Amino acid sequence: SGGPLAVVISGANTHDTKLLSATLEAVIVERPQPGADRPQHLCLDKGYDNPTGHEAVGRHKYLPHIRRIG
C-alpha cells in the first residue's frame, strides 16, 4: 500500500546519478533533522559509486551506504 516518495521527470537516456540530487529534493515526506546522534542513512547501488553520487548524498546530509564498483 506504499506509494512513491518523489517523482522526477527527464529524458529516457539520463543516467540515474544525474537525477539523484533532484530526486532527494523532491521527496514529499517531511524528514527529521539529521544529526550526529540521529544520522539518516541512504543505501544506493553501484551505479551511484562516482563523485556525483557521493556529492549529492553528502549535500543532503545522508550517511551513505553505496556499493563499490569492482
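Leaving aside its neighbours within four places in sequence, with which residues is Leu44 in contact? In the predicted model examined here, Leu44 is in contact with Leu20, Val57, His65, Ile66 and Arg67, where contact means heavy atoms within 4.5 Å. Residues are numbered from 1 along each chain as its sequence is written, and side-chain values use heavy atoms, with hydrogens and water left out. Because the model is predicted, local features need pLDDT of at least 70 and side-chain atom pairs count only at pLDDT 80 or more, whereas totals for chains, interfaces and linings use all residues.

The secondary structure of the chain comes to two helices and two strands, and from the N terminus on these elements run α-β-α-β; helices (H or I, at least four residues) and strands (E, at least two) are DSSP runs, numbered from the N terminus. The C-alpha trace spans about 40 × 35 × 25 Å along its principal axes. Of the 70 residues in the chain, 23% are buried, a term that denotes under 20% relative accessible area, with exposed over 50% and partly exposed in between (1.4 Å probe, protein chains only). Among contacts between residues at least 6 apart in sequence, 35% join residues at least 24 apart.

Strands E1 and E2 pair in the parallel sense over four bridges, pairing being assigned if DSSP finds at least two bridges between two strands, and His41 stands opposite Leu63 in E2. Together with the helix H2, the two strands make a right-handed β-α-β unit; the crossover is right-handed if, with the strands pointing away from the viewer, the path from the first strand over the helix to the second runs clockwise. In a regular strand the side chains alternate between the two faces of the sheet.

In H2 (residues 51–59), the residues Gly53, Ala56 and Val57 are buried. These residues cover an arc of only 100° around the axis, which puts them on the same side of H2, the arc being that of the directions from the helix axis to the C-beta atoms. What covers the buried residues of H2 includes helix H1 (16–25), strand E1 (41–44) and strand E2 (63–66). The largest nonpolar core is made up of nine residues, namely Leu20, Leu24, Leu42, Leu44, Tyr48, Ala56, Val57, Tyr62 and Ile66, and the elements that give two or more residues to this core are H1, E1 and H2. Such a core is a set of buried Ala, Val, Leu, Ile, Met, Phe, Trp, Tyr and Cys residues joined through side-chain atoms within 4.5 Å.

Beyond the helix, His60 has its place in the loop between H2 and E2 and, at 14% relative accessibility, counts as buried. Not counting residues up to four places away in sequence, His60 touches Ser21, Leu24, Glu25 and Arg31, and a polar contact of 3.1 Å joins the side chains of His60 and Ser21. A polar contact is a pair of N or O atoms within 3.5 Å; within protein, one must be able to donate a hydrogen and the other to accept it, and residues adjacent in sequence count only if both atoms are side-chain atoms. Lys61, in the loop between H2 and E2, is by contrast exposed, with a relative accessible area of 59%. Most residues other than glycine have a negative phi. Lys61 takes a positive phi of about 60° although it is not a glycine.
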